[in-house]
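Colleague: I'd like to learn how to read a two-chain model like this one. Could you walk me through it feature by feature?

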Amino acid sequence: MNIVVCCKSVPGLVTNLNISPDGKSLQYQGQLLAINECDEYALEEALVLKKAHGGQITAVSMGGIKSQDVLYYALAKCADKAVRVDCESQDPQVASKVLAAALKQLEFDLVLTGTQARDTLSGQVGIGAASRLGLPFAYAVVAVEVQDDKTIRVQKELGGGRHADVELSLPALLCIQTGIQPLTFVPPARRIRARQQPVRSFSLPDLGLQADELVAQGYRIVGVRPPERAHQVELLQGSAQDIAAALLSRIQESR
Amino acid sequence: MARDILVLVEHAGGKVDSVTLQLLTAGRSLANQLKTQLIALAVGHQLESVAAAIQHHGMDRIVIVDHPALALAAGEVQAQVIAEAARQIDPCFVLIAYSLVGMELTPAVATMLGVNALTNCVNVEFRDGAVTVTRPVFDSTQHVHVALDENDRAVIALQKGSFAPIEATSTQAPVDSVSIDVAGIPARSKVLAIAEAPAGDVDITKAEIVVSVGRGIGTAEKISLIAELAEALGGVLACSRPVVDVGWLPRERQVGASGRTVTPKIYIACGISGAIQHLTGMRDANRIIAINKDAEAPIFGVAHLGVVGDLFEIVPALTKAAKEAKAYRD
């Protein structure tokens with residue numbers, strides 16, 4: 001079973017946050033770029049499926065040259081090949097269009113990705129790409145079982161502890177929920193070795209796309225600021241003992 | 001062009017999810033400001049009880065797509081039915097819940113309609129001449145405000161708890177149906193079964209005091225510190241999703257969108273940053289106390305009482321004080 005895993009490189013700490021002059025994206029300085037958490041779980045699931053059923057894993061990431069680190073991490077973890085799609089849009093419609101075009105260039109039975117990127121929190125690109133390609137899909141998948149060459153069964157979350165069992169014909173796309181497999185540790189030596197491996201790169205023209213058909217449309221970002229708080233939180237201060245005593249008396253009042 | 005607002009009704013087992021009444025509040029307010037109609041769309045099978053439950057809740061009409069194949073339809077089929085119904089109804093905005101169900105449908109519906117989707121929204125309003133949404137980004141530490149172009153169409157997915165539920169009125173909305181060839185939709189996936197939440201050893205939704213632990217606890221061994229506090233206060237131990245994902249606590253203890261929704265008298269969040277998926281599961285608690293070392297953590301946005309500090313100092317001190325008070329009372 002050949003699997004493509006789409007993983008995004010996301011910033012940890014974000015500073016100097018501003019709106020771009022065209023109002024279509026946020027500009028910032030992002031530090032500590034790392035693999036998006038649920039995408040890492042998608043990689044882990046791919047690793048488990050490969051061990052059981054064979055095949056190759058291709059890691060795909062869309063982004064600038066900095067996002068290449070995530071692909072080296074994927075190679076160190078389990079991927080056989082890596083592809084970077086050279087496009088930096090924050091617009092989910094544009095991103096899913098580009099990702100769908102990139103997937104068309106690759107051979108796969110299954111596409112795995114996460115549910116939501118921690119930076120944009122959109123949760124759209126996986127299902128959006130599947131819809132563009134006419135692939136069946138399932139979101140928030142917590143278990144995958146291969147039936148045969150052509151069929152998989154998955155369990156997906158519906159919220160509130162409810163689940164659905166879904167059967168999908170291959171090829172299909174799954175958005176993997178966190179916790180599907182335990183995360184494995186990648187030894188530093190493997191991470192260093194992975195950096196010797198080639199990373200293929202797709203430019204937009206490689207994918208038959210023109211930059212002018214990839215312009216975000218229909219909206220304008222008018223503000224970005226920390227959330228307004230519904231009410232002012234009352235902060236307790238003092239020694240641990242003072243705080244504990246104050247908390248306890250407030251807890252007893254509220255009982 | 002009509003600028004009607006269409007609200008997708010979320011329902012399961014003949015019952016309407018409470019988030020639908022919140023979407024109707026948002027939709028009604030937009031429809032009033034844009035001077036258009038609010039239409040509810042329910043897709044499924046045997047929808048009589050669903051229609052009856054919302055008929056008095058502020059919409060101008062209800063449109064139903066009822067077909068046996070929609071009783072257990074896969075996401076791709078539901079999305080095509082919703083997109084086709086939207087083409088026939090021709091609304092300007094489609095409001096969908098940003099629940100796990102809505103998160104699967106929204107991008108597919110938007111792609112099929114060829115429109116933008118604005119997801120994870122905590123507000124939508126008509127402001128300065130434009131429909132404007134508010135979306136948390138960067139782990140919910142920032143909110144971005146996005147104004148939609150006039151006459152642009154979009155699917156807007158709203159977080160649970162963003163709006164109060166709409167009140168019932170005496171006006172009863174008429175029920176319409178649209179004709180869609182559901183059986184003719186090619187499906188490459190199918191839902192085999194739906195399983196309700198398994199009953200665990202403990203029901204955290206019944207507790208008056210919930211003491212909840214997050215990723216900030218660091219290791220599995222240290223969870224006992226929080227368990228001791230829960231016991232000393234006569235409450236139950238719960239947690240946020242990351243704690244379950246790494247296997248430190250069982251899933252029945254999880255509070256949040258994919259876990260349980262709790263409304264205890266007192267909710268104590270220890271080392272929980274407050275991702276929106278967690279907040280939707282506990283923000284209606286009577287009194288929320290947050291202990292976190294990061295003063296900017298979103299949990300302080302919903303907490304009534306907060307401690308910015310080290311939970312490994314505060315929690316044991318609170319446990320000790322609670323035990324002493326209990327010994328004194330006994």
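Predicted model: local features only at pLDDT ≥ 70, side-chain atom pairs only at ≥ 80, totals over all residues.

Colleague: Fine. How many helices and strands are there in chain B?

Modeller: Chain B has eight helices and 18 strands. Its radius of gyration is 22 Å, close to the 20 Å that the globule rule gives for 330 residues, so chain B is as compact as a globular protein of that length. Along the principal axes, its C-alpha atoms fill a box of roughly 70 × 45 × 40 Å. As for burial, 55% of the 330 residues of chain B count as buried.

Colleague: And what does chain A contain in helices and strands?

Modeller: Six helices and 15 strands. The C-alpha trace of chain A spans about 60 × 45 × 40 Å along its principal axes, and buried residues make up 46% of its 255 residues.

Colleague: What share of the contacts join residues at least 24 apart in sequence?

Modeller: You take contacts between residues at least 6 apart and ask about their separation. In chain A, 70% of them join residues at least 24 apart; for chain B the figure is 65%.

Colleague: Now the core. Which residues touch the most other members of the largest nonpolar core?

Modeller: That core has 139 residues, and A:V5 and B:L41 touch the most other members. Helix α3 (residues 92-104) of chain A gives the most to this core, with eight residues. There is also a second, separate core of 55 residues, including A:V233, B:V211, B:A230 and B:I276.

Colleague: Which residues does B:L41 touch?

Modeller: Leaving out residues up to four places away in sequence, B:L41 touches B:L6, B:V7, B:L8, B:V9, B:V63, B:I82 and B:A85.

Colleague: On to the interface. How many residues does each chain put into the contact?

Modeller: Chain B gives 75 residues and chain A gives 66. On the chain B side, the largest share, eight residues, comes from helix α4 (residues 100-113). By type, that side divides into 40 nonpolar, 20 polar and 15 charged residues.

Colleague: Which strands pair across the two chains, and in what sense?

Modeller: Look at strand β14 (residues 219-225) of chain A and strand β10 (residues 142-148) of chain B: they pair in the antiparallel sense over six bridges.

Colleague: How do I read a helix, say α8 of chain B?

Modeller: Start with the general idea: an α-helix has 3.6 residues a turn, so residues three or four places apart point the same way. Now the case here: α8(B) (residues 311-329) has 19 residues and reaches 26 Å from its first C-alpha to its last, close to the 27 Å expected at 1.5 Å a residue. Its buried residues are B:L311, B:I314, B:V315, B:A317, B:L318, B:T319, B:A321 and B:A322.

Colleague: What covers those buried residues of α8(B)?

Modeller: The cover includes α6 (240-254) of chain A, along with α5 (223-233), β16 (266-270), β17 (287-292) and β18 (305-308) of chain B.

Colleague: Last one: is B:P174 buried or exposed?

Modeller: B:P174 has 10, so B:P174 is exposed. Its place is in the loop between β11 (154-158) and β12 (175-177) of chain B. From B:P174 to B:L237 there are 63 residues in sequence and 47 Å in space, C-alpha to C-alpha.

Key
Residues numbered from 1 in each chain as written. Chains lettered and ligands numbered in written order. Helix = DSSP H or I, 4+ residues; strand = E, 2+ residues; numbered from the N terminus. Buried ≥ 20, exposed ≤ 12 C-beta atoms within 10 Å, placed from the backbone. Contact = placed C-beta atoms within 7 Å. Core = buried A, V, L, I, M, F, W, Y, C linked by C-beta atoms within 7 Å. Nonpolar A, V, L, I, M, F, W, Y, C, P; charged D, E, K, R; others polar. Pairing = 2+ DSSP bridges. Expected span 1.5 Å × (residues − 1). Rg over C-alpha atoms; globule rule 2.2 N^0.38 Å.
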